[in-house]
Amino acid sequence: MNTQAVQPDRLAKRIDGKQVSSQVLAEVSEAVQQLQQQGIQPGLAVVLVGEDPASQVYVRNKVLRAAEVGIRSIEHRLPADTDESSLLALIETLNQDPQVNGILVQLPLPAAIDENRVLEAIDPLKDVDGFHSQNVGGLSQGREVLTPCTPAGCMRLLRQTCGELSGLHAVVVGRSNIVGKPMAALLLQADCSVTLVHSRSRDIERLCRDADILVAAVGRPQMIKRDWIKPGAVVIDVGINRIQADTGTRLVGDVDYDDVYDQAAAITPVPGGVGPMTIAMLMQNTLTAARMQLG
Ligand SMILES: Nc1nc(=O)c2c([nH]1)NC[C@@H]1CN(c3ccc(C(=O)N[C@@H](CCC(=O)O)C(=O)O)cc3)C=[N+]21
Ligand SMILES: [Mg+2]
């Protein structure tokens, strides 16, 4: 039995999310072209409320990637003081629009809007973020549903790096609804033994040190150090933290990359790791949604 998390022939220490995301986008592009021969072009609606600069960058990147793979994207920018009922009305219009196969409402929403109500208003078949309770429930039951893009991207990187995941011990750090919880569900679906740890976990370092696969999604810059990692483990860093450096701001993950590098068998960098995968999986989900809506 292979007890190593990484198969020797797959060894490449720095997991290149940019490169794997290009592969995914190429696959999506190919499939979109085939759909277009049947006269169908998948459409993605991206809804952004307010002017958060980071959100604007993400939304711009999503629109650019969509264009690259032949997905029609429609951007809806609403002012920061938009009320919940107007946003719900827009979502209802998008739900009814046959040209729109996927709906993404960029998070976080302004504090005055009930995020959960908005996410529940999206047609589950168009819910390319996989945040609707129907899709969350489906994932938990192991049904084939639209799954959250970041965890789906992490799974793709893990499959490419480790091959078979069955039997490996995966530790997920962080229990958010958008990353930690769905990540744990997908790893369980892949027959990993899964441990989900969080800010109240006792002896978190010891639990992490037992991981064959460690997924970090806590939002604390460079929290995870070398002595948290079992030699030969595979480390997936979901964190995107902007920190102050000598030369201005710098993007770092939840893992101290330089410290952990020698200890791990393979590790994702930030940037260039999970981030690009998130957007690629959004395109994949939009394609899947378009197919599901064909019946
Ligand atoms: N409804 C919703 N769905 C989301 O999927 C969603 C969201 N809201 N709100 C915000 C977060 C964040 N997110 C990222 C996507 C791509 C990169 C990405 O491409 N990052 C690049 C670097 C980008 C940079 O330089 O800032 C990288 O890691 O290499 C990062 C973060 C999606 N999110
Ligand atoms: Mg936590």
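Leaving aside its neighbours within four places in sequence, which residues is Ile213 in contact with? In this predicted model, the contacts of Ile213 are Ala5, Leu158, Leu168, Ala170, Cys192, Ala233 and Val234.

Ile213 is one of the residues with the most contacts inside the largest nonpolar core, together with Val215 and Val234. That core has 92 residues, and helix H10 supplies the largest share of them, 10 residues. Domain 1 (39-124) and domain 2 (149-276) both give residues to this core, so the core lies between them.

Now let's turn to ligand 1. It is surrounded by 18 residues, and the closest are Leu107, Pro271, Gly272, Gly275 and Thr278. Two or more residues of this shell come from each of helix H2 (53-69), strand E3 (102-105) and helix H10 (274-294). By residue class, the shell divides into 12 nonpolar, 5 polar and 1 charged. Both domains take part here too: domain 1 (39-124) and domain 2 (149-276) each contribute at least three residues to the shell.

Finally, a word on annotation. An unreviewed UniProt entry lists residues 15-129 as "domain: Tetrahydrofolate dehydrogenase/cyclohydrolase catalytic". In the model, this span is 50% helix and 16% strand, and its end C-alpha atoms lie 24 Å apart.

Conventions. Residues numbered from 1 in each chain as written. Chains lettered and ligands numbered in written order. Predicted model: local features only at pLDDT ≥ 70, side-chain atom pairs only at ≥ 80, totals over all residues. Near = placed C-beta within 6 Å. Helix = DSSP H or I, 4+ residues; strand = E, 2+ residues; numbered from the N terminus. Nonpolar A, V, L, I, M, F, W, Y, C, P; charged D, E, K, R; others polar. Domains from an automatic or database assignment. Core = buried A, V, L, I, M, F, W, Y, C linked by C-beta atoms within 7 Å. Buried ≥ 20, exposed ≤ 12 C-beta atoms within 10 Å, placed from the backbone. Contact = placed C-beta atoms within 7 Å. UniProt positions renumbered as here; feature names shortened; annotations may be inferred.
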